[in-house]
Amino acid sequence: MASLQDDRGKRPRRSLFKKDVRRTSGMDTAREVDETIDRMVSQIGDRTPEYSRKAKGIFKETHKRLKEIDDKSEEYSQRMFRSKPLDTLMEGILRYKKTVFALTVVASLLLVYFGVLGPGWITEKYINGEDVKMHLQQKIRGDFEAYLPGGSDAETVLDEVKVDWSTDLATIFIETNNKFDPTDETNITDYNVLKEISDIEEQLNSNKLDKGREDGIIYCFSISTLIKTLHNMTNSVEAALLKEIGIDNSSVPDTFTGSYTIPEDQRMIDEFFMRITPEQISSLVADINGDGIYDSALLLMGLSKAVDQDELIANINKIIDPYFVDPGIRPGSKETSGEWMERYNAGEVHCRMTLTGPTPLAKMISNRTMTEMGTVLPWAMLMVGASLLIFHRTWKIWIITLVPVVFSLMIAFGLMGLVLPVLTPQVVLVAPILIALGVAYGLYIANRYAEETSIKDNDKRIRYALRTTGSAIFLSAMTTAFGFGAMLTVNMPTMQVLGFGLASGIIACYVTTILMTPSLILWLNYKKVSKDESGKGDARSKKIGEFPMKHPRKILIGGILLALFSISLSPVTELPFIGVEAGGFGLVQSNMDYISMSPADEPVVQKMNEQSETFGSGQIEMMILRGVSARDDNSDGKDDVTTDSMKDINKLNELNNLVISINGDPTNINDTGIENVNAICIVDIMKMVQIPDFRNSTYYKEILDMLGRAGDVPVEFVDSWLEENLIGKSFWTAMQTAPEVDLIAEILLDESIEEFLMNIFYNSMGQELRGMLVNDDYSKTIVYMTMPNMDIVDTERTVNGVDAAIDKHFQMSVKDQDNSASPTAGFGKVLVTINDVIVENANQSTLTALVMVFILLFLVFKSWRISLITLLPVIMVVFWQYFAIWGVGAGGTLIWGDANIFSGDLNLFSALIGSIIIGIGVDFSIHITERVREKNFALEGALHAAQTSGWSFIESTVTMIMGLTAVFLVNIPSIREFILLIIILLAFSAYGAIFMLTAAYRLYLPRYNRMRSLKKKT
């Protein structure tokens, strides 16, 4: 044993599991295992204190590191955007200035070519010489359906209408010279005028059986259409009668004078005109100057989607061009009344015609949008350039700020053309807003670069400017994009289009600013030239900073009081996500006015307004009465089952009762129906059309001779019965009052008298007019209702009244199901639908924008308190918006009285103001907070932020306002009001950031720093 020990009496260490070759017996092996286990336990026991000490050390070290990370989180957040990646990026940009600049230009041009112009546009336009629209313009939709929230009841019903009828409507407004010169007694009902209207109808709808597939016109309906229909009924009724009896009438001679033309006999025209009910006359012709002569009329057209509607609208305008008088008030148009008078005096024309209606209005808005964009862009650039020159007194700032903006616009519009399936006219607002904001980004970098005069090396100075201001610009760009992007969460195409355009555009502004501005500053060796050499500018900036530091409580209390007053003006609405109603007294209301969103100098708009005032048909509504199909089970050409179809007199009686409840009962002078609406349906045509006297027909006499020889029916009885019950009566009256004569019905007709007359009526109608009112299998009929253009309150009252009447007479259902009626759908219902959600969607997008921006600020600043304070002025401005909206309307009324173009209400444009102003206003707040953070949130940092950024904000605000004023060139009242509101709220945002945010920091930073000190000590 002694030999196995060292000189210290200890056994030498051996491997725990090393095998000893000398121990080969089983006992030795067992003993070795025991010894090995003993040694393992002994070693573990000996090292337990060491393991414990190491574990405690690791725990203490981990706790220390976690505490350091927690304490230094704010420091890390400050370094987030000043780290090596940004330095590396800037090194690359500055090292390869020409390459980066060229790549940015090429990428922007490619996006413009494919997204704005469209592949092949240059070839088609300049090589092939074709008149082709740009890809972006083809996507712009101005029709009222484009504004509908997806999945709404109005959209569902309109989709059902499109299956059998047209929802694309157009109107030709027709006027005689009597309207302008009462000494001229030309009447709309004169043969020459009706003949011209008829000729236009025949040219437009040359094929009445194609349902618009060839000529694009499904139907025409006017006083001319009715006169031609009544004139034609004599011949067509005879043919339908012979067919119904079962006689082959293919060789029937034209024994009557009736045909589908305007009769040349004025007395016959007047007779037909007298058959039209007074209710329907008022919706077809009018005496505007009140001299007893009808001087105006409407020609309603249903347009097909099977053709290119742009070409169709152009073709209609070409056909009516000899009759059109251009008032010469649009950009690029000329007054042509003198030319028309020459044609009129020569007897070439007898009336004036102007195309109007919802579809031409939509197409005009689409085309006008691109024209307005072409006007607004250069003027916005010019105004911004003028402002920059005033403040900076050097042309270099134009290039430094405007060049990146131009390319960011290319990127934004290119992306919209590539990504968005449909654009709305609100896209015209993207350009001026992006110009204003994009210029501000370039200004911030240029101003910071110019401020750091102590850094002599230009490369180092631009790096420092980007390291300090670049992070604030990045954060403001992201929060602005988040604010704009909140509009994408709203189920309204208008908000989605504007949200995508502004969000993508503002990111493009940041990218082009970072990639191009540093190079431009260095290439141009930019220096800010100040016109103030006396130091007054510094004193002015000092005063701006000192004011909120001296009066913080007064500033904050004033802002809160204004917010409370503004909220008291707001409409009561349901708050998003929580379902609680809140609001003020409702002095500011949502009022969706489609006409105010249209250029007021367009003839289409002017005539729509006149149509509304004269005919009460500025808005056209529709509803569908659903039944079941009429069936011909034995294929004998006669329907065997008509119950609940549109050939069922009981079904039509129910429809007639509904129309009476809408229009009023003509037999009851006290029953005027529902105010501001007039309905027309298939029953009205039945009431207009009289059964002609066909008894002189050769074939009728042959039938009587045949019956006389058979001896089954007394000939005298048949002849007298027809004269007493049918001849000269309207189809509707005949079907209501005709006695049931079994002898005639069973022997001669093989069907009831009502069925007999019903079939004659439908078969004698032209397919054009029948298709306008009833579908092919007689399972559905449509009711057209006209309403004047009204404010949304009256429109909603009228639409709800009609829906209530429908629900009273039928089972009202949005879904397409047998024996039911749809609610109303059309122009007015769409406006009501949008108006119902406009405030809710505005609140939702605003709240979403605030939440998204707050989250982003929190991720950057690592402090919910600092993030909330940064948002404080933005929240205040959001509250102040109702005061601004009300003030614009009230101020306009005070200045212009009844001529005030500003509504002071929420519309499709002003409803977007909340999200937009968050995106714009947060930019100011972030720059203030970044300046405060540069001073480690010390109290003097707030004063420094207001003094250094305050005057810069005033410069950028004035520059942005000047750029936005270019939109006033757009002759659309609602857009002008919207831009005025943005200008006001933009000024509010600058004030809020400079004064309210500085005041808030003045009160909060001492407490914030005490909390930080206590945290470090503990």
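Colleague: In this predicted model, which residue of S5 does Ile174 stand opposite?

Modeller: When reading a paired strand, look across to its partner and ask which residue faces which. Here Ile174 stands opposite Met353 in S5, and the pairing of S1 with strand S5, residues 352-356, is made by five bridges, with the two strands running antiparallel.

Colleague: Which residue of S4 does Ile174 stand opposite?

Modeller: A strand may be followed to another partner in the same way. Ile174 stands opposite Ala297 in S4, and eight bridges join S1 to strand S4, residues 296-303, again in an antiparallel arrangement.

Colleague: How many of the eight residues of strand S1 are buried?

Modeller: Burial is judged from relative accessible area, and a residue under 20% is called buried. In strand S1, which spans residues 168-175, eight of the eight residues are buried, so this strand is largely enclosed by the rest of the structure. Both faces of S1 are covered, with Asp168, Ala170, Ile172 and Ile174 buried on one side, and Leu169, Thr171, Phe173 and Glu175 buried on the other.

Colleague: Is Asn663 buried or exposed?

Modeller: The reasoning uses the cut-off again: Asn663 has a relative accessible area of 17%, and because buried means under 20%, this residue counts as buried. Asn663 is found in helix H22, which covers residues 649-663.

Colleague: What does Asn663 touch, not counting residues up to four places away in sequence?

Modeller: With such neighbours set aside, Asn663 touches Gln280, Thr672, Gly673, Val677, Asn678 and Ala679. For Ala679, there is a further detail to read: its backbone nitrogen lies 2.7 Å from a polar atom of the Asn663 side chain.

Key:
Residues numbered from 1 in each chain as written. Predicted model: local features only at pLDDT ≥ 70, side-chain atom pairs only at ≥ 80, totals over all residues. Heavy atoms only, no water. Helix = DSSP H or I, 4+ residues; strand = E, 2+ residues; numbered from the N terminus. Buried < 20%, exposed > 50% of the residue type's maximum accessible area, 1.4 Å probe, protein only. Polar contact = N/O pair within 3.5 Å; in protein donor to acceptor, adjacent residues only side chain to side chain. Contact = heavy atoms within 4.5 Å. Pairing = 2+ DSSP bridges.
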